[in-house]
Amino acid sequence: MSAPESFPAGPPRPAAPNPAGPGGGEPVTVRALVARGAGAELRIERIRLSAPGPGEVRVTIRAAGVCHSDLSMVNGTIAARFPLVLGHEATGVIAEVGPGSALRVGTPVVLNWAPACRACWWCRNGEPWLCADTTAPTVPRGETDDGLPLHLTLGLGALAEAVVVPENAVIPIPAGLPPERAALLGCAVLTGVGAVHNTARVASGDSVAVIGLGGVGLAVLTAARRAGATTILAVDVAEAKRDLALAAGATDFLLSDDRLSKEVRARTEGRGVDHAFECVGRAATIRAAWRLTRRGGVVTVVGMGAKDDMVSLGALDIFHSARTLRSSVYGSSDPDREVPALAAELADGALDLRALVSGTVSLDDAPTAFARLARGEGARWVVTLD
């Protein structure tokens, strides 16, 4: 995921027609992973969700990824409101539709944490990933079992047995996809693949370095390999990420230390890489990505950092190096168009995501997955609810 900490309001979304008819109108009680405050212990709690309203649907969750952005909500990197249901990367099946929804019960879907309004200036000018109506970091909805107003991560709160969301926050996908991989299409895969293809536009024969080998970083490696990059250098502070990186498509693995720039230049005829992708979200790693890139190369910041972590670059360096520094918000993608395309590739075997999934856990064990993520273990841990 890559998104700012606050978002301006945009124009209201028009209601859709209602061929499917209204929902049953009954609220539901489900189990969910809840944080009661920054730094608080994560717990599985019962929460109450209202029935789908006009243009909304209820989705039964089948699998949800544990993303670093969720961890950032808990540790205070991203400003959040509590109590908070975590999770924004998920797949499931529509269980109920509200008045005005054009969707059908039983449809498998991927959740979209940044649905575009299709009416603002950015949407009309072909940049729906910058939509003025993008979901805020936390959105009020539902209540805890003890009656407190509840908030949902990025309007979804997907680490739960079910969610109630606007219909434009779900994207239909083919039936039968492995849920632990399909869930990743809505964040890690779309963000990583989009950063390579849409933002940086890596070409065949290019050289690439990727700093930070979580789910998004590994997706960047996979996309760079598919784009035809010939030198793909994976960089992380943990030696344990080596095998994951090579399985995802890296041609070499490098530890992030004082020798990193020299090691990269030794593999690129002394120049540096054509493209460096920063998938951590820290000023120090953004500066490292800048140093790894050749003159005239491109640095793409994919990781989301804290607003007070300032990046300092020399004015002469900026002029002399002629490098481009830019960010990739949600892979500069249109999820409504690109998620179905990725899902089709997953279905026919053209897109292999097995290297991105380190393991699956039950909802009860979701706090353990967060602890593993905080320690930098593995790629993507996925909570399954079948």
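Which residue forms a salt bridge with Glu263? In this predicted model it's Arg267, with the closest N and O atoms 2.7 Å apart; a salt bridge here is a side-chain nitrogen of Lys or Arg within 4 Å of a carboxyl oxygen of Asp or Glu. The model is predicted, with local features needing pLDDT of at least 70 and side-chain atom pairs counting only at pLDDT 80 or more, while totals for chains, interfaces and linings use all residues. Residues are numbered from 1 along each chain as its sequence is written, and side-chain values use heavy atoms, leaving out hydrogens and water.

Glu263 is partly exposed at 30% relative accessible area, and Arg267 is partly exposed too, at 32% (buried is under 20%, exposed over 50%, partly exposed in between, with a 1.4 Å probe and protein chains only). The whole structure holds 25 salt bridges. Another one links Arg271 to Glu269, again with closest N and O atoms 2.7 Å apart. Here Arg271 is partly exposed at 44%, whereas Glu269 counts as exposed at 68%. Elsewhere, shared partners tie Arg36, Arg43, Glu45 and Asp146 into one salt-bridge network.

Within that group, Glu45 and Arg36 have their closest N and O atoms 2.8 Å apart. Glu45 is buried, at 10% relative accessible area, but Arg36 is partly exposed at 28%.

As for strands (DSSP runs of E, at least two residues, numbered from the N terminus), five of them close into a barrel in the order β1-β2-β7-β8-β4, with mixed pairing.

Note on methods. Two strands pair if DSSP finds at least two bridges between them. Helices (H or I, at least four residues) and strands (E, at least two) are DSSP runs, numbered from the N terminus.
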